[in-house]
Protein chains: 2
Amino acid sequence: MSLMRIDMSRTSATMEPLPAKKPQDRMVGGRAIIDWFMTERVSPRIHPLSVGSPFIAAPGILAGTGAPSAGRISIGGKSPLTGGIKEANAGGTAAYRLGRLGISAIVVEGKASEWTVLRVGSKGAAFEPASDVVGLDNYEACAKLRERYGEKVGIIITGPAGERLYANSTVAVTDLEGRPCRHAARGGVGAIMGAKRLKAIVIDDTDTSLRKASDQAAFLSAVKSAIETMKTEGPYCDIVHTKSTVWSLDIDNGQGALQTYNYHRGSFDKAGNINADRFMELNRARVGSSGMGHSCSPGCVVQCSNLFYGPTGELVTAAFEYETLTFLGSNLGIDDIDAIARMDRKCDGLGIDTIETGSAIGILSDVGLFEFGDAERAEALIEEIAKGTLMGRVLGNGTQLTAKVFGIDRVPTVKGQAISAHSGRALKGWGVTFATSPQGADHTAGPVAWGDFLSPVGQVALSRDSQIINTAIDATGLCHFTFAFIYPQIIMPMINAFLGTDFTLDDFLGLGKEMLLRERSFNLKAGIGPGADALPEWMRFEPLPPKNSVFDVPQEEIDEFFNFELSTGGPDISKLDSPYS
Amino acid sequence: MSLMRIDMSRTSATMEPLPAKKPQDRMVGGRAIIDWFMTERVSPRIHPLSVGSPFIAAPGILAGTGAPSAGRISIGGKSPLTGGIKEANAGGTAAYRLGRLGISAIVVEGKASEWTVLRVGSKGAAFEPASDVVGLDNYEACAKLRERYGEKVGIIITGPAGERLYANSTVAVTDLEGRPCRHAARGGVGAIMGAKRLKAIVIDDTDTSLRKASDQAAFLSAVKSAIETMKTEGPYCDIVHTKSTVWSLDIDNGQGALQTYNYHRGSFDKAGNINADRFMELNRARVGSSGMGHSCSPGCVVQCSNLFYGPTGELVTAAFEYETLTFLGSNLGIDDIDAIARMDRKCDGLGIDTIETGSAIGILSDVGLFEFGDAERAEALIEEIAKGTLMGRVLGNGTQLTAKVFGIDRVPTVKGQAISAHSGRALKGWGVTFATSPQGADHTAGPVAWGDFLSPVGQVALSRDSQIINTAIDATGLCHFTFAFIYPQIIMPMINAFLGTDFTLDDFLGLGKEMLLRERSFNLKAGIGPGADALPEWMRFEPLPPKNSVFDVPQEEIDEFFNFELSTGGPDISKLDSPYS
């Protein structure tokens, strides 16, 4: 496995071995590669859209090995949205194919003179013109690219939003059916890619096979055992297979933790119109199946992705997640699930994050430019983002910028990134995660789905443990959904059998800690101070109905977050008491 | 002397003694009060426009005493532009009158239900409606207020830009003739004031007299001696009296340090059309005098302010400074001094900083929305800021936001604030000041007007010394122009005679150091990291013609800026070798 270094200015590709200073560095993959490269090789002060700012796509260490649900890819660099380090994670087929090709990461620097497609295959890399796909909706562009390069390629693509260098632009990855619906959505990674004039990476793994483990028999046995554990013990596997992430909507609504009406409420009076039951009921009526249980990537055991069909039975959108239903739905007071699905498809085509988009539109409600429930207006605003009008540019640059333009002081962001699903005022451990993650507010950085959510006590330790684990998992390519809570039994045997090592769980957690510290050190040098580890002050004063809770985890405790000595050593999984189980 | 605490929510005013923990705290005035209040009493994480974010107006400790050129007022709080602590400094009559009233600072918190005028006089404070002046140009508003409250009041006012909460909005202070031309211009202090719905503070010092010193005879003698020294030894006094700050234009142009064509050049081919000679020549032809040598505040010995007249002899603008001629002139490629004067007047009326405005408009040249030299277009864009169109809102929120909206990575800001006059690539000590000042890039934070400008050697120490001195001076209300380089002889005797103390110069410099450390500590807690102490990376790579110099002061040295042990102890004034002398 090695790095593929791409210089867009010279259209050159070179392979470089992955350096390993200590034995544990063999676990460096995915997000860990981004962390390592950005802290070792890049000036933290570089502008995210400048020529020298790298765009990195890195599968995890278990990509293409046959490990279950190991198809996640880390996309990152320096975030145009937060100004800090960024890893955004997606499913799809790219990680799997890159793994089979023996590529640990593609690191793209420089800037091409024309929009370019980078073709990567077993014979190396090639640079080809992208002129015919520039400006196209991601779905159209990917259809064209698959026509040209074959149906079996994996595609990593930046959309029209990334071309326009919006700080809220995604990188899309095609799923097994070639749909660009799996998004590395947060932090504006699409603009980092766009700034290189790299329109798409097309990955062809023809003539390759699954990577072989160091001890193949032990690996297969570990894989088999992992799959069994996931099916029998993973608390979420069944639920998210059956109802996808949309299942969370009722849970959060019940907890008073559903971002609603521009973060003014924690529950939505019309939640029943946009929840999983409604989703499945409509699908069943329209196409005869729930639309659930779809795979986002090869070898996924959980299959939490979904498909949503319109009134005439046409596919409207895929990977229609809980976060989208929250931010384009309840947060905007919109309960028309068909309208939300259309917007999701539009956002996927354009390459913008639905969380940041819904959050930014929500801000307009404070200045009379948006009325809750007005789906038509929301769709029109997304159309403005697509067209690149000045309002579109403002919204396309995210929540914080939109708030600044309109002089709003009630800004729901941390480190410039919109606070995502699961309200931190009602679920205080999540609040700590939003406050402290070097990635900015992000629900995937370290879920805290256990304990007494409303109590401020002990939440920093819970979030710390969760972030350490989830960060380490982001090095493997394994999906958080199954592994965040049952990892000890199944992750280490697979890693060790594959690498031929005998790393302990402590080694693995050590990697997670090192990654977090690298990310934070990058941020400090990039100009993000320790004081940025906080929820917005107003969340400490404005009660969130219906629980009327404020965020009251003491800031002094939060300020100790990166003191890893204070960790509890991880959640006791025998005592899991989760509303999600 | 005491603090006047204003709660706009309750329309209450209370007086509070100034706490003093140590003897040296008696020197706490002006900027030092802002530093003290913000670090002791305010959460650094508060949103600058939120109800709890204070607006502070503080004259220096020598205000209203009869000390020469002591009429500066510090305006500040938390900056909507930088997100850090902010002090912006202005002349005018407010400091003098507040001093005579015995008010060390007005600290305004809360938010009024309606726009309000705060009247301050010897009988205390009163809250009165501002409805008839809201939305008016500052000149019109001040004319109305003087009609109502008398010609002799001093006025502190936020303009239409501050009402709109633009991050680039100023607070204007009236001069001796009642013109709102003296601006606390930087960092969006007008929006902090606007967020309180405080339109204006009207200060009436009728029935008061000059403050008496502890040892009045010694004070008068120190004042007399100071005036003599300023007149005979102050290197700038004569020059700026004769030519105002506009004199710098030729100097910087010659040094290759004049911000020109959106920071693409360090000299302007048409500088002769906008320099001091041209300024004076036009004035002489139009009204028979140079327009120079005007006082910005009572008791000024230097009188570096100016008046500029139009073709028919009408006064177009006052306090038409070098920075304005740079940023609305050379930086936009505009050499029509009459157009620049009109824009200056418009900016003064609207309450926006000409530096940030010209810098933001310059950014549009990168995306084809502005052509260098197009004065009509620049005037139209300022009109958009006035009207609050979306483009106006974008520009009104400054250079960095404008760049982000348009995906520009060549951003000439530090800590979100446009890099001001005196290019840091050609004058590297100034570059260090821009990089390190907790106030963001600001030419007043610590001028470095001596030494070998082009050499990177020793510049950190020079900037450090300069910032320590200039910061301490900002506590006194004394004007930088005269005191920054000749302070030891004249400042301490005045302070000591006035306070009845025997502070040493080291005590005074100690105050400057404490202020800087307080400001930086506030910033770190506010989320601005140590990495923000840097010029933009591109200034290290893009040579600035005609000197073709890049900024090459080692970042490692800059990172040591706040290690005050490394100070040289201040410039050796006997060895001053300044192009300005």
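Predicted model: local features only at pLDDT ≥ 70, side-chain atom pairs only at ≥ 80, totals over all residues.

Modeller: Happy to. Residues are numbered from 1 along each chain as its sequence is written, while chains are lettered from A and ligands numbered from 1 in the order in which they are written.

Biologist: How many residues of chain A are in contact with chain B?

Modeller: Contact here is when the C-beta atoms of two residues, placed from the backbone, lie within 7 Å. By that rule, 35 residues of chain A touch 35 residues of chain B. Helices (H or I, at least four residues) and strands (E, at least two) are DSSP runs, numbered from the N terminus. On the chain A side, α14 (390-396), α15 (399-405) and α20 (505-526) each supply at least two residues.

Biologist: And what classes of residue does that side of chain A have?

Modeller: Ala, Val, Leu, Ile, Met, Phe, Trp, Tyr, Cys and Pro count as nonpolar, Asp, Glu, Lys and Arg as charged, and the others, Gly among them, as polar. The side of chain A that touches chain B has 19 nonpolar, 9 polar and 7 charged residues.

Biologist: Now the sheet. In what order do the strands come?

Modeller: Strands pair if DSSP finds at least two bridges between them. In chain A, 6 strands form an open sheet with mixed pairing, ordered β2-β1-β6-β3-β4-β5. At the edges sit β2 (12-17) and β5 (85-90) of chain A, each pairing on one side only. Strand β1 (residues 2-7) of chain A runs antiparallel to β2(A), with 6 bridges joining them. For instance, A:M4 has A:M15 in β2(A) as its bridge partner.

Biologist: How should I read two packed helices?

Modeller: Two packed helices are described by the angle between their axes and the distance between the axes. Axes are lines fitted to C-alpha atoms, for helices over the stretch in contact, and angles run from 0 to 180 degrees between N-to-C directions. Under 35 degrees counts as roughly parallel, over 145 as roughly antiparallel, 65 to 115 as roughly perpendicular and the rest as oblique.

Biologist: At what angle do α17 (residues 459-473) of chain A and α20(A) cross?

Modeller: At roughly 95°, with the axes coming within 8 Å. α17(A) is therefore roughly perpendicular to α20(A). Their contact has 8 nonpolar, 3 polar and 1 charged residues.

Biologist: What about α11 (residues 337-350) and α13 (residues 375-387) of chain B?

Modeller: Those axes come within 10 Å and cross at roughly 5°. That makes α11(B) roughly parallel to α13(B). Among the contact residues are B:M343 and B:L350 of α11(B), and B:I382 and B:I385 of α13(B). By class, there are 9 nonpolar, no polar and 3 charged residues in this contact.
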